[in-house]
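Here is a short note to read beside the model. Keep the sequence and the 3D view open, and take the points in order.

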Amino acid sequence: MRWHMLKTFFRTLSIALALLLAIVWALSLLVTPAHAASVTITPAGAFDDNNGNYIQAHGGGMIKVGSTYYWFGEDKAGENASNTSFQNIPCYSSTDLAHWTFVSYVLTRQASGDLGSSRIVERPKVIYNSATQQYVMYMHIDNSSYSENKVGVATSSSVCGNYTYRGSSYPLGNRSRDMSLFQDSDGTAYLLSEDPANGLRIDKLSADYLSVASAIAVLTPDHEAAAMFKFNGRYYLFGSFLTGWGTNDNQYTTATSLAGPWSSWSYFAPVGSNTYNSQTTFILPVVGSSGTTFMYMSDRWTTSNLGTSPYIWLPLQVNGANITLPWYNTWSIDTATGLWGNAVSAYAINAGGSAAGSFAADEGYSGGSTYSTTSTIDTSGVSNPAPQAVYQSERYGNFTYTFPSLKPGAQYTVRLHEAEVYWTGSGQRTFNVSINGQQVLTNFDIYAAAGGVRKAVVEQFTATADANGQITIQFTNVKDNAKVNGIEILPSSSVTPTPTSTPTTTPTPTTTPGQTCSVHYTVTNQWQGGFGASVTITNTGSTSVSGWTLGWSFANGQTITQLWNGSYTQTGGNVSVTNVSYNGMIAPGGTTNFGFNGSWNGSSATPTAFTLNGSTCTVV
């Protein structure tokens, strides 16, 4: 009897377990499979690998294998515009385009030959040949004077494995400088390269991708650094003008056939922005379950230290044959869905008021009172101004704002929006501001900083979230009441000033107390009667520079003939260069760069003294 009871018990238990497993299995069918979460991309931000090293993939390209993206490029660590010799071609991997792992150097410097120490190896691009089961890399091969102009080829059986270099050549007998690859939907591959004698070429590769088989099209002779993608049966081709390391307003053209006809070249970024101070290198299609984002990849060359050159990644907006590239301080991408979004601020609040545009209603405060006005506030002197309603409301008195849920130890940019609407002279309202206990403004006078009543001004600082992931901002009265109109907390390095409207007049730059600076002036090229130069300004002070003018004198009668990333005037040997709309703000420790071409006669000595907004700079 006991044995019978035991058998009955275990049979019942087995049935119950089977039913439970069946229920669990059925419920699992209702669960949506997990996918990679949306991640934030910060153009010109910190692109570090898993070891904390800045990624060396300049002039690079990407290929996707399975769910993993592989990024190849030039190792420029420790190099400058006068020293660009080949070091390595690294390979990095990522599944979300934000977190990158260094895998290996797939090509390294050799004792001699094309990959030797005095050679130029640039713009590596990789595609996969399914017939030969080989990954094929093309690259620009040159001598140190950039007069050889060849393409090189290497292959590997694995995407991030050791590549075997197969030599270089002149494609179809033509010279080739900045180049790229394009693989069509039918598997046919093409070399895109700048032929100095003829123009931007589109050449078809052989079936094994190891050589150039035939010419397809030759476009205008004014473009290099080509990149291409295809969408809905239309080809989109991008290129940069020929200004060396200096940036310019890049353009694009479209066609329904690679042989043409191709449309007239058009600008896709705001004219005068020099494509946000960058040069096209690659267009990556991020294809997902819900759509495709075409990610514009470019380099913002820092000629004095090429290895630190920032990467500018932005989502292209495609509308038929029309392409636009708006600026986003930060944006998000989900590689699983293929969709992107605009991730702008960690916080943006309208102090003392209700929600206005992207600014949320007042929150996170302790103490103080509120006031509002209907007076119009002049925002023409402010890059990235807040909505008008933000400057028309305020919190005043002694008060504190606390912003939680930030990443502990991470750096953020704090922007305080201010406008004086009551006092009509300087010295009538002064107050102090501290961030996480460190005083950042002392006896701050809004009227004096803005240059008048009902004029907006923005004070910008870098702050580190504390161990609890908080940033605390304290406002303390000195004379009358402290006040603030709006507060933004943004991820560090995400602020590239792009005004929402162009000021009708350019505000006169003012020298911020304690502002210091350094200038690095480099001659990038020189020929009989002419030269090219690059100038990098570094803010070595503790406060932001908002609007700048750099001045110097030429000693030998040099004359600027063309300048990018700034506007200039020259009287005799005296030169004055002023920022343009998108590069007027230089954060503490930050840099900005402009370049120019000039003429000379007899000699061309380097300037030895510079002033920024009237303050003498250190020459480095």
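How many salt bridges does a search of the whole structure find? The search finds 14 salt bridges. A salt bridge here is a side-chain nitrogen of Lys or Arg within 4 Å of a carboxyl oxygen of Asp or Glu.

1. Ground rules. This is a predicted model, where local features need pLDDT of at least 70, side-chain atom pairs count only at pLDDT 80 or more, and totals for chains, interfaces and linings use all residues. Residues are numbered from 1 along each chain as its sequence is written, and side-chain values use heavy atoms, with hydrogens and water left out.

2. Lys76 and Glu122. These side chains form a salt bridge, with the closest N and O atoms 4.0 Å apart. The pair links distant parts of the chain, 46 residues apart. Lys76 is in the loop between β3 (68-74) and β4, while Glu122 is in strand β6 (residues 120-129). Strands (E, at least two residues) and helices (H or I, at least four) are DSSP runs, numbered from the N terminus. Lys76 and Glu122 are both buried. Buried means under 20% relative accessible area, exposed means over 50%, and partly exposed lies in between (1.4 Å probe, protein chains only).

3. Glu148 and Arg119. Here the closest N and O atoms of the salt bridge are 2.6 Å apart. Glu148 sits in the loop between β7 (134-142) and β8. Arg119 sits in the loop between β5 (101-108) and β6. The two are 29 residues apart. Both Glu148 and Arg119 are buried.

4. Asp480 and Arg429. Their side chains meet in a salt bridge of 3.2 Å, N to O. Asp480 lies in the loop between β33 (471-479) and β34 (483-484), and Arg429 in the loop between β29 (411-419) and β30 (430-435), so the pair ties together parts 51 residues apart in sequence. Arg429 has a relative accessible area of 6%, so it is buried.

5. Disulfide Cys91 to Cys160. The structure holds two disulfides. A disulfide is a pair of cysteine sulfur atoms within 2.5 Å. One of them joins Cys91 to Cys160, S to S 1.6 Å. Cys91 is in strand β4 (residues 88-94). Cys160 is in the loop between β8 (150-156) and β9 (164-169), 69 residues apart from Cys91. The link is left-handed, with -95° about the S-S bond. Both Cys91 and Cys160 are buried.

6. Disulfide Cys517 to Cys617. The sulfur atoms of this pair are 2.0 Å apart. Cys517 is in strand β36 (residues 517-527), and Cys617 is in the loop between β46 (615-616) and β47 (618-619). The cysteines are 100 residues apart. Why is this disulfide left-handed? The torsion about the S-S bond is about -95°, so the disulfide is left-handed. Cys517 is buried at a relative accessible area of 2%, and Cys617 is buried at 7%. With the bonded cysteines numbered in sequence order, the pairing is 1-2, 3-4.

7. An open sheet. Three strands form an open sheet in the order β18-β19-β20, with antiparallel pairing. Two strands pair if DSSP finds at least two bridges between them. The edge strands are β18 (279-287) and β20 (311-315), and each pairs on one side only. β18 and β19 (residues 292-299) pair over eight bridges. Look for Ile283, whose bridge partner in β19 is Tyr296.

8. Six of the eight residues of strand β2 (residues 58-65) are buried, so β2 is largely enclosed by the rest of the structure. β2 and β3 run antiparallel and pair over six bridges. Lys64 has Tyr69 in β3 as its bridge partner. The hairpin has two residues between the strands, and Gly66 takes a positive phi near 65°.

9. Hairpin β41 and β42. Five bridges join β41 (residues 567-571) to β42 (residues 574-578), and the strands are antiparallel. Gln570 has Val575 in β42 as its bridge partner. Two residues lie between the strands of this hairpin. In the turn, Gly572 has a positive phi of about 65°.
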